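Here is a short report for a first look. Keep the sequence and the 3D view at hand.

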Amino acid sequence: MTYASVNGQQLYYETHGTGRPLVFLHGGLMTIDLNFGPLLEPLAVSRQVLAVELQGHGHTADTDRPMTIEALADDVIGLLGNSGNGEADLFGFSLGGLVAYAVALGAPTRVGKLIVASAVAHRPPGRESMPIDDDRMPTQADFQAMRDAYDAVAPDPARFDESAAKTSAMVHEFTGWTDELRTLRVPTLLIFGDRDFSPLSDIVELFQLLPNAQLALLPGTTHVGVTRRPGEMLALMTPFLETGGRY
């Protein structure tokens with residue numbers, strides 16, 4: 001197991017394959033394997049996949065440091081510096097998508113291409129508190145899988161509820177960006193389910209803010225279902241990463 005000392009954290013990460021770096025950033029309450037298992041090896045055939053577990057997730061212990069999107073992004077930037085990678089492509093899901101936006105905004109010279117799944121970074125006042133229909137939410141089985149994955153690898157499994165509460169508060173309190181997104185010229189691929197957490201109108205609004213973005217919707221797919229469709233994900237991600245993704 002590999003850890004990097006960054007910003008007072010012992011950040012766990014895995015490296016698969018060789019080639020241009022592609023950083024994987026998981027969703028809230030998830031681990032690398034639970035979120036990305038079927039995607040890692042196919043992409044590692046031609047890329048160096050660098051999969052990270054963020055503060056309080058998986059192998060990476062929680063600390064007393066406040067958990068913020070910006071702090072998590074600084075950890076990723078620090079990891080890239082420690083690993084000797086100058087520029088990398090990023091793929092973030094949900095919470096990891098918000099972190100990926102923050103990395104691209106905070107260190108634009110370190111990011112080549114950006115893939116964000118199921119993460120809306122534009123949140124006008126009041127929008128972050130909109131209720132989500134039950135049929136779009138993770139099931140009890142989904143939450144149990146998250147707990148089981150954490151229990152299997154976490155340094156202190158008893159902290160799952162504490163870490164989950166911190167993560168939930170961070171995401172719900174996050175206010176997002178507007179003007180900053182208009183300056184984000186890195187090639188960006190947005191992937192959402194058509195039954196995702198965010199309504200389609202919000203997704204389209206985000207897409208229109210980004211000056212160099214493409215948008216894909218997976219039919220019949222909820223938030224947690226997006227990365228459970230590895231065939232469709234790979235069919236979208238691979239040409240985007242290899243050619244710029246003009247389909």
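How many bridges join strand S1 to strand S2? Five bridges do so, and the two strands run antiparallel. S1 covers residues 2-6, and S2 covers residues 9-16. The model is predicted.

The largest nonpolar core holds 45 residues. Val23, Val99, Tyr101, Leu114 and Leu206 have the most contacts inside it. Helix H3, residues 95-106, supplies the largest share of this core: eight residues.

Take Val99 as an example. Leaving aside residues up to four places away in sequence, Val99 touches Leu25, Leu54, Ile69, Leu72, Ala73 and Val76. A second core is separate and has 27 residues. Leu40, Leu189, Leu218 and Leu234 are among them.

## Helix H5

Helix H5 spans residues 160-173, 14 residues in total. From first C-alpha to last, H5 reaches 20 Å. That is close to the 20 Å expected at 1.5 Å a residue.

Which residues of H5 are buried? They are Phe160, Ser163, Ala164, Thr167 and Met170. These residues lie on the same side of H5 because they cover an arc of only 130° around the axis. An α-helix has 3.6 residues a turn, so residues three or four places apart point the same way.

Note on methods. Residues numbered from 1 in each chain as written. Predicted model: local features only at pLDDT ≥ 70, side-chain atom pairs only at ≥ 80, totals over all residues. Heavy atoms only, no water. Pairing = 2+ DSSP bridges. Helix = DSSP H or I, 4+ residues; strand = E, 2+ residues; numbered from the N terminus. Core = buried A, V, L, I, M, F, W, Y, C linked by side-chain atoms within 4.5 Å. Buried < 20%, exposed > 50% of the residue type's maximum accessible area, 1.4 Å probe, protein only. Contact = heavy atoms within 4.5 Å. Expected span 1.5 Å × (residues − 1). Arc of directions from axis to C-beta.
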